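Student: I would like to learn how to read a few features of a protein model. Could we go through them one at a time?

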Amino acid sequence: MTDARRTELERLISRISLGDRDAFDALYDATSAKLHAVCLSVLRDRPEAEETLQEVYIRVWQGASRYASNGLSPMTWLITIARNRSIDKLRARNSRPSTAPEDAAADLPCDAPSPESATIMAQERRMLDECLARLADAQAGAVRAVYLEGVTYADLAQREGMPINTVRSWLRRSLLRLKDCVSQ
């Protein structure tokens with residue numbers, strides 16, 4: 001992210017903390033596509049991702065005043081909100097029992113993406129897979145587990161038999177390597 005873009009997003013978030021609806025609209029226009037992709041990658045359900053995206057922006061509106069003190073870049077802050085909210089939805093979905101009869105599945109509408117969207121998602125997925133392949137197998141598996149499947153840091157630490165802070169450091173370094181790879 002360029003410094004000018006970062007500064008502009010920080011300025012919009014600052015204005016949102018003061019209740020500026022125009023700044024909120026501008027932030028939404030500038031970031032909603034990326035945040036929708038984050039929600040969709042975790043939830044794999046377009047309607048649920050769209051609903052979650054709305055909840056993300058409600059949290060942004062309500063929590064904009066807390067942004068300045070967190071030390072994150074604006075996109076990192078927004079993506080973290082989107083990812084965490086999506087993981088919460090995923091966990092809630094996985095914990096509730098299915099109430100639909102098995103024969104009702106035939107009546108469900110198709111949520112398949114359009115051919116253009118499918119192509120774009122396939123290209124992005126291929127790029128991510130190539131970048132993940134550059135990581136060691138254990139790190140790539142950890143990144144997939146935490147950021148794509150919703151496994152908690154604590155669960156991953158227990159599964160790997162490592163202290164949680166070591167896992168966090170490990171994931172942070174892996175994400176930095178992925179960021180460098182994707183930005184090339």
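**Disulfide and helix contact**

Tutor: This is a predicted model. A search through the whole structure turns up one disulfide.

Student: What is a disulfide?

Tutor: In general, a disulfide is a covalent bond that joins the sulfur atoms of two cysteines. Here the pair is C131 and C181, with sulfur atoms 2.1 Å apart. The cut-off for calling such a pair a disulfide is 2.5 Å.

Student: Which hand does the link of C131 and C181 have?

Tutor: The link is left-handed, with -80° about the S-S bond.

Student: Which parts does the pair tie together?

Tutor: C131 is in helix 5 (residues 115-133) and C181 is in helix 8, so the bond ties together parts 50 residues apart in sequence.

Student: Are C131 and C181 buried or exposed?

Tutor: Both C131 and C181 are buried. Another cysteine, C39, has a relative accessible area of 0%. C39 counts as buried because the cut-off is under 20%.

Student: At what angle do the axes of helix 7 and helix 8 cross?

Tutor: The axes of helix 7 (residues 153-160) and helix 8 (residues 164-183) cross at roughly 105° and come within 9 Å. Angles of 65 to 115 degrees count as roughly perpendicular, so helix 7 is roughly perpendicular to helix 8.

Student: Which residues make the contact?

Tutor: Helix 7 contributes Y153, A154, L156, A157 and E160, while helix 8 contributes I164, V167, R168, W170 and L171. By class, this contact of helix 7 with helix 8 has eight nonpolar residues, two charged and no polar ones.

Key
Residues numbered from 1 in each chain as written. Predicted model: local features only at pLDDT ≥ 70, side-chain atom pairs only at ≥ 80, totals over all residues. Heavy atoms only, no water. Axes fitted to C-alpha atoms, helices over the stretch in contact; angles between N-to-C directions. Helix = DSSP H or I, 4+ residues; strand = E, 2+ residues; numbered from the N terminus. Parallel < 35°, antiparallel > 145°, perpendicular 65-115°, else oblique. Contact = heavy atoms within 4.5 Å. Nonpolar A, V, L, I, M, F, W, Y, C, P; charged D, E, K, R; others polar. Buried < 20%, exposed > 50% of the residue type's maximum accessible area, 1.4 Å probe, protein only.
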